[in-house]
Amino acid sequence: MERSSVAFDQNLSGAADFPALLRRKGLLASAVIPPMPQAGTPQKTWQPTEATTILAFKFSGGVLVAGDRRATAGNTVVYDRADKVLEIDRHSIMAIAGVPATAWEMARVLEHSFQFFRRTQLQEMSVDGKVRALSKLLRDNFGLVMQGVGVVVPIFATYDSHPKPEARLYFYDAMGAQFEAADYAATGSGSPAVRGILYYENNWGRKPLHKLSEEEAVSVALRALDTAAESDTSTGGVDRGGKIYPIIKIVSREGITTLPESKIAAVFKETVA
Amino acid sequence: MIEEPYRWVEAIANRREYIEAQLAPGSPIAAVGYRDGILFLTVGQTRQKLFEIYDRIAMGAIGHPGDIERLRMAAIELASTEGFTRSAADVSLRRLVHYSLSPVMKSAFEQVYGAPYLARMLFAEVGESPNEDLFLRVEYDGEIATNGGTHAQARQDFAVLSGTRQSRELMEAFLKSQHAPDASFEVALNSALDAWSIGHMSLQDGDANGQPERAAILKHRQEQLATRGIEAAVLERDSSRAIRYRSLSDTELRSLIHE
């Protein structure tokens, strides 16, 4: 006699893999294999459309992750209070550039994956495991990216306690390759400008980035986002009229802190505006 | 031979007897609600017996490790997929146990050619206030006992699990008289530990009837704690964090125990 299919899946292989469980239950789309190009058909070239600016760098108090608030569709601003800096667990942040629907779902899958792993395996997933998990989601999504929809290029910041306590920062490409950043990372359409600023600050600024205090770090982040917004229409920067400030979160040994708007506003008023 | 109804009844009765005998040595688990959450407690097992199921749900179990594992995994999978597709607020212990676990355990128990689940489980879900806390005990045959008020009993803010019925009833009687839902953590911890001791004493000396003397409880508790560790976990009522489950270490509890 068969047992109720609702409740019990006797297949214990890969029991710790949450995306695989979702696929078994039909709750997550399978990985799409990019279609083979046909001879003679015109090739559609893939346009990168990560219209936003996300940045992260290590400073004296951990990793600072900042993102502007604008969401766009082509030339239209759809939303000016988007949250692109997402908390995945108590020590991990995923900041997203790319198509919001895919990115937010990825964040959701990732958040549940880490918790699912901890609950089923009775231990925390390692930082390397977490970094790989995101890489795999990106890889599975690449077929859709090649079809011109659903590109996501995230940054992942976390705090590792093993073997030694340190902040870790990773950036990815759309295919899922992961790169560990020594000092800083930036992604999205406004990122070339930001990368320039962070490179300059790190080498010839008053202090290298990793020595900045929290206030100095916030100031650099705001200036960088404002610079990106200056030429990139898809980046909101700081909306001076509407008083909409970027989201800034800090990952440290103690966990994640979201900077209150009043604090960001104060630094902005003093050092940016 | 099972085709004949009375044979089936006999087979079920034999199976019940067999399972009860297998579960009988299972060490007690006490779950008590207090002001700031729900405390799960047991003493000194080599194998982990308390588990996190979802944000607000925890489980304790006795039985065969393989069966406990299958049930635990099923509960986590169900809760996680529900939490993922809808939201954490839609994950409910009542639905999980009543609609998924209990029917499956019942049919496994009654399919006499297949193996039943050798497990007895205690679940709790923390609410916003003590009177919203939910406790459910699920038996190997799918039977469910709740802490809710019925015509036969008043609502309770605790639930226990043990190897034998007598042991369980002694623990329940103790907590009914000693435990208040608005207790502090320290008071709840000591009541839970006393309840565990009473249940454990009953398992060791099955002939003894009625509540043991206060001094005997303390003595038993001290003897046990001298050589074994406390396994405990809380579901915190504090809603500032989504994940309420936290396991507690033996060392952080020792200083709170009244000798």
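Which hand does the crossing of α4(A) and α5(A) have? The crossing of these two helices is right-handed; a crossing counts as right-handed if the near helix is turned clockwise from the far one by less than a right angle, and as left-handed if anticlockwise. This is a predicted model, in which local features need pLDDT of at least 70, side-chain atom pairs count only at pLDDT 80 or more, and totals for chains, interfaces and linings use all residues. Residues are numbered from 1 along each chain as its sequence is written, while chains are lettered from A and ligands numbered from 1 in the order in which they are written.

**Chain A as a whole**

- Chain A holds 6 helices and 12 strands; helices (H or I, at least four residues) and strands (E, at least two) are DSSP runs, numbered from the N terminus.
- Chain A has 273 residues, and 43% of them count as buried. A residue is buried if 20 or more other C-beta atoms lie within 10 Å of its own, exposed if 12 or fewer, and partly exposed in between, with C-beta atoms placed from the backbone.
- Among the contacts in chain A with a separation of 6 or more, 66% are between residues 24 or more positions apart. Two residues are in contact if their C-beta atoms, placed from the backbone, lie within 7 Å.

**Helices α4 and α5 of chain A**

- The axes of α4 (residues 191-204) and α5 (residues 214-231) of chain A come within 8 Å and cross at roughly 145°. Axes are lines fitted to C-alpha atoms, for helices over the stretch in contact, and angles run from 0 to 180 degrees between N-to-C directions.
- On the α4(A) side, the contact is made by A:A193, A:V194, A:I197, A:L198 and A:E201. On the α5(A) side, A:V220, A:R223, A:A224, A:T227, A:A228 and A:S231 take part.
- The residues of this contact between α4(A) and α5(A) divide into 7 nonpolar, 2 polar and 2 charged. Ala, Val, Leu, Ile, Met, Phe, Trp, Tyr, Cys and Pro count as nonpolar, Asp, Glu, Lys and Arg as charged, and the others, Gly among them, as polar.

**Helices α2 and α3 of chain A**

- The axes of α2 (residues 100-121) and α3 (residues 127-146) of chain A come within 10 Å and cross at roughly 140°. The angle makes α2(A) oblique to α3(A): angles under 35 degrees count as roughly parallel, over 145 as roughly antiparallel, 65 to 115 as roughly perpendicular and the rest as oblique.
- The crossing of α2(A) and α3(A) is right-handed.
- From α2(A), the residues A:T102, A:M106, A:V109, A:L110, A:S113 and A:F114 meet A:K130, A:A133, A:L134, A:L137 and A:N141 of α3(A). The contact of α2(A) with α3(A) has 7 nonpolar, 3 polar and 1 charged residues.
- A:L122 is in the loop between α2 and α3 of chain A. A:L122 counts as exposed, with 12 C-beta neighbours inside 10 Å.
- A:L122 is not a glycine, yet its phi is positive, about 60°.

**Helix α6 of chain A**

- Within α6 (residues 261-271) of chain A, the residues A:I264, A:V267 and A:F268 are buried. These three cover an arc of only 100° around the axis, so they are on the same side of α6(A); the arc is that of the directions from the helix axis to the C-beta atoms.
- The buried residues of α6(A) pack against α5 and β11 (247-252) of chain A.
- A:S262, A:K269 and A:E270 are exposed on the other side of α6(A).

**A cis peptide bond in chain A**

- The peptide bond joining A:H162 and A:P163 is cis, with omega about -10°.
- A:P163 lies in the loop between β7 (155-160) and β8 (166-172) of chain A.
- Most residues other than glycine have a negative phi, and most peptide bonds are trans.

**Where chain A touches chain B**

- In chain A, 19 residues are in contact with 21 residues of chain B.
- α1 (18-24) and α2 of chain A each supply at least two residues of the side that touches chain B. The most comes from α2(A), with 5 residues.
- The side of chain A that touches chain B has 11 nonpolar, 3 polar and 5 charged residues.

**Two residues of chain B**

- B:T146 is in strand β7 (residues 144-146) of chain B, and with 18 C-beta neighbours inside 10 Å it counts as partly exposed.
- B:F135 is in strand β6 (residues 134-138) of chain B, and is buried, with 22 other C-beta atoms within 10 Å.
- Not counting residues up to four places away in sequence, B:T146 touches B:F135 and B:L136.
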